[in-house]
Amino acid sequence: MKTVFLGEEQSDIFLIQSVDSHDMEVMDSECAYIQSHTPKKVRLAAVLVDDWNRELSPWEAPPVFGKEGFGAGAAATLSYIENNVVPALRAERAKTSPAGSNPATSLGKIPQSADNVPIILGGYSLAGLFSLWSVYQTDIFSACAAASPSVWFPGWIDYAASHAPRTGAIYLSLGDREKKARNPIMATVADCIEKQAALLGGLPHTLEWNPGNHFVDSDIRTAKGFVWAIEALAC
């Protein structure tokens, strides 16, 4: 894994997103959308994973499409983010911060990281599911932006029903044609995301429906999730 940093070093908020090579191709447009829709200064860490199905899956599962199954590498990826990416963001900001500054004073009463910079974890598709799973494991993230997350993943809804997220706000979205997928397991995604939203109860959250199938505007959909999460934390 390697991490690419985008946005402003002197930031109000840290964004972390697991990405593949396609995501990296549209990362500039995603960042541009975020920066044009919030007055906050953001620093985005794009974590480039090498094996999508293994490194972002919370547990092993048989193939759903094609011949490739799912590994159980999410724990290692989360550990990499906690022990490498977050410290790198904090160290980078510390080098550029004026003495005595507090970037979070305008963000209201929200969960804070140790150095008072909120951290939002987000992603698209399986990276969206990874983000959801991660906020059930740790309270380090102030919010979660899960765009078109793979909540159809075998066993996920049962897991979410028996555990509680440890974050301040969760954004969910889905394309309104994703339920028309030919794969019968993936076609359950609309029912699953509605169940996921219901399971969040009184936790600040939203479920946004976007036009199109799973392969439309992944950059903008993810950016919208991050913007919503930033606004939710500022309330």
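Rings of Phe, Tyr and Trp (its six-membered ring) are paired if their centres lie within 6.5 Å; planes under 30 degrees apart count as stacked, over 60 as edge-to-face and the rest as tilted. The model described here is predicted, so local features need pLDDT of at least 70 and side-chain atom pairs count only at pLDDT 80 or more, while totals for chains, interfaces and linings use all residues. Residues are numbered from 1 along each chain as its sequence is written, and side-chain values use heavy atoms, with hydrogens and water left out.

A search of the whole structure gives 12 aromatic pairs. In one of them, the ring centres of Trp 59 and Trp 156 lie 6.3 Å apart with planes at 20°, so this pair is stacked. The pair joins distant parts of the chain, 97 residues apart. Trp 59 sits in the loop between helix H3 (52-55) and H4, and Trp 156 in helix H6 (residues 156-161). Helices (H or I, at least four residues) and strands (E, at least two) are DSSP runs, numbered from the N terminus. Trp 59 is partly exposed, at 23% relative accessibility. Trp 156 is buried, at 0%. Buried means under 20% relative accessible area, exposed over 50% and partly exposed in between (1.4 Å probe, protein chains only). Ring pairs also link a cluster made of Trp 59, Phe 65, Phe 70, Tyr 136, Trp 152, Phe 153, Trp 156 and Tyr 159.

Helix H6 also holds Asp 158. Asp 158 is exposed, with 61% relative accessibility. Its C-alpha atom is 26 Å from that of Phe 215, which is 57 residues away along the chain.

The largest nonpolar core has 49 residues. Such a core is a set of buried Ala, Val, Leu, Ile, Met, Phe, Trp, Tyr and Cys residues joined through side-chain atoms within 4.5 Å. Ile 16, Ile 81, Phe 141 and Trp 156 touch the most other members. Leaving aside residues up to four places away in sequence, the residues that Ile 16 touches include Ala 45, Val 47, Ile 81, Val 85, Leu 89, Ile 119, Phe 141 and Phe 226. A second, separate core has 21 residues, among them Met 27, Phe 226, Ala 229 and Leu 233.

Two packed helices are described by the angle between their axes and the distance between the axes. The axes of helix H4 (residues 74-96) and helix H5 (residues 126-135) come within 11 Å and cross at roughly 75°. H4 is therefore roughly perpendicular to H5. Axes are lines fitted to C-alpha atoms, for helices over the stretch in contact, and angles run from 0 to 180 degrees between N-to-C directions. Angles under 35 degrees count as roughly parallel, over 145 as roughly antiparallel, 65 to 115 as roughly perpendicular and the rest as oblique. Ala 74, Ala 75, Thr 77, Leu 78 and Ile 81 of H4 meet Phe 130, Trp 133 and Ser 134 of H5, where contact means heavy atoms within 4.5 Å.

Arg 93 also belongs to H4. Arg 93 is buried, at 7% relative accessibility.

Ser 125 has a positive phi of about 65° although it is not a glycine. Ser 125 lies in the loop between strand S4 (119-124) and H5. Ser 148, also not a glycine, has a positive phi of about 45°. The loop between strand S5 (143-147) and H6 contains Ser 148.
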